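Here's a quick tour for anyone meeting this structure for the first time. Take a look, then read on.

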Amino acid sequence: GTPDTRTPTGAPTDVPPTAKGQQGAFLTTANGARLRDTDHSLKAGPRGPILLQDHHFREKITHFDHERIPERVVHARGTGAHGTFTGYGTAEGVSRAGFLAKGKETQVFVRFSTVLGSRGSADTVRDTRGFATKFYTDEGTFDLVGNNIPVFFIQDAIKFPDVIHAGKPHPDREIPQAQSAHDTFWDFVSLHTEAQHHTIWNMSDRGIPRSYRTMEGFGVHTFRLVNEAGETALAKFHWKPKLGVHSLEWEEAQIAAGVDPDFHRRDLYDAIEAGAYPEWELGLQVFPDTPDETFAGIDLLDPTKIVPEELAPVQAVGKLVLNRTPTNFFAETEQVAFHLGNLVPGIDVTNDPLLQGRLFSYLDTQLTRLAGPNFSQIPINRPHAPVNDMLRDGFHQQAVHAGVAPYRPNSLDGGNPFEADDASHAFLDVPVVVAAAPKIRENPASFDDHYSQVRLFWQSMTPVEKEHIIRAYTFELGKCYEQVIKERQLQCLANIDPVLCSEVATGLGLPAPSPTQPLAEVEPSAALSQVGQLWPAD
Ligand code: HEM
């Protein structure tokens, strides 16, 4: 084979971030020539003009001019930390993923984020939070790219540009910078009633976490797990914070946004520097892999639905400890690139149409954001497993590949490395049957119920949580200019709960409409109000 000359174990920890940039006692050019003066440009006499031949001036200014890379199109505002994941071995029956084995330690990098605000926006705005984890496993990198809310706004990835266009600031005024307090957001969620579930989570205290350390995380989609025997199960991933789930009061969130826009970033950094390492348990809800991919009547491929924990308890499978802050924000937090397609043996995707679209989107956007196809060679993105791929050349290629042309089988290049491989450690796509079905652009009927789980969420809240939700809808809708949008959203609230609707209507000074469909009969879920319950007393 033609081994990749990249350091296979080129982990961010073993590569000092200063490796190329800050060696030796002297200041030099980028090419290592020692500098005499970096404070004055080369001029024709003390009064100028500056000479074009001043290479040091041009190098210094040119590099500065290109310091910024595009911010992420969503989740631009974030903060990261390194840590360790330790498997409990309790997932052995359902997944052969090596990092879940008992006592196995794996390095991780986590990036927390808001979704809608730009890179410089405030931390404590009402929004969903990203919770993306890169596990540098021996079997390749596994990325769990989740949120702090277990459902999503849309059921099909083709709607993602639409929901984000609606949620981002108005194109003419660029306001609001980071909140769901405007016409296009409420226009979208009232016209696309599948968004009502995610929206009520946003309007609840979950939309204003106290700290990243006190947030749950969710993989949202259902994944397919495979064990040693090749048996499959469906599963949802959960992160449960050891500190429990805590939120800010809305007034606190607003004050913090002004007084300390870096509130969450500072909190995470300070906690880790002080040795108060935040911890989460990774948990799994496991379901039988039946042909209809439903559980208790819930379509597991619908990303706007949860499975209540009373029906499928979350089982702890490992522990995450964040114990090291980044050395360099740009090199680590900014350049990290997550992708749902970064899977390891034992974990596979399902046909959830949102998940399927995400598999395309992240790689595509990173080609622009990180300028070319070689961003897996950036230190923070390098796998901690040996790399021997057939990818060659391209912008920012760091490896010096040897051997003849990379194609397989190849009789000139020492044989076929696949034959030498122990296939039991390779990733195998689960041969799920794809039904003979017509090509269509429509959702299954099992995606049609947009209200019963929203009502379940509302019913599960305590009185004070309900009060917060009413106040949040009233505040955010109160920022809309268009009355027709407020009225349409009130109609959606009527279909969730009459009390919720009438309280918000009163706050807005508008009449409360009647429901347009029968209210779902749901039992309140204990799990939604009592969170962070996995942790046993140590
Ligand atoms: C970024 C989560 C749906 C496109 C992110 C990030 C998270 C996330 C956590 C930030 C990653 C980081 O910290 O660097 C989710 C979740 C989703 C979802 C949980 C639904 C369950 C989608 C969909 C699309 C999409 C449907 C597109 C079809 C993107 C893009 C980025 C992003 C383009 C920026 C990535 C980058 O620049 O590196 N998402 N997302 N997301 N997401 Fe999603």
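Predicted model: local features only at pLDDT ≥ 70, side-chain atom pairs only at ≥ 80, totals over all residues.

Residues are numbered from 1 along each chain as its sequence is written.

**The annotated site**

- An unreviewed UniProt entry lists His75 and Asn147 under "active site"; such annotations may be inferred rather than shown by experiment.
- His75 sits in the loop between helix H1 (55–65) and strand E1 (78–87); helices (H or I, at least four residues) and strands (E, at least two) are DSSP runs, numbered from the N terminus.
- His75 counts as buried because it has 22 C-beta neighbours inside 10 Å (the cut-off for buried is 20 or more other C-beta atoms within 10 Å, with C-beta atoms placed from the backbone).
- Asn147 belongs to strand E4 (residues 140–147), and with 23 C-beta neighbours inside 10 Å it's buried too.

**The helix pair**

- Helix H12 (residues 483–496) packs against helix H13 (residues 498–508) at about 155°, with axes 6 Å apart (axes are lines fitted to C-alpha atoms over the stretch in contact, and angles run from 0 to 180 degrees between N-to-C directions).
- That makes H12 roughly antiparallel to H13 (angles over 145 degrees count as such).

Technical notes
Parallel < 35°, antiparallel > 145°, perpendicular 65-115°, else oblique. Buried ≥ 20, exposed ≤ 12 C-beta atoms within 10 Å, placed from the backbone.
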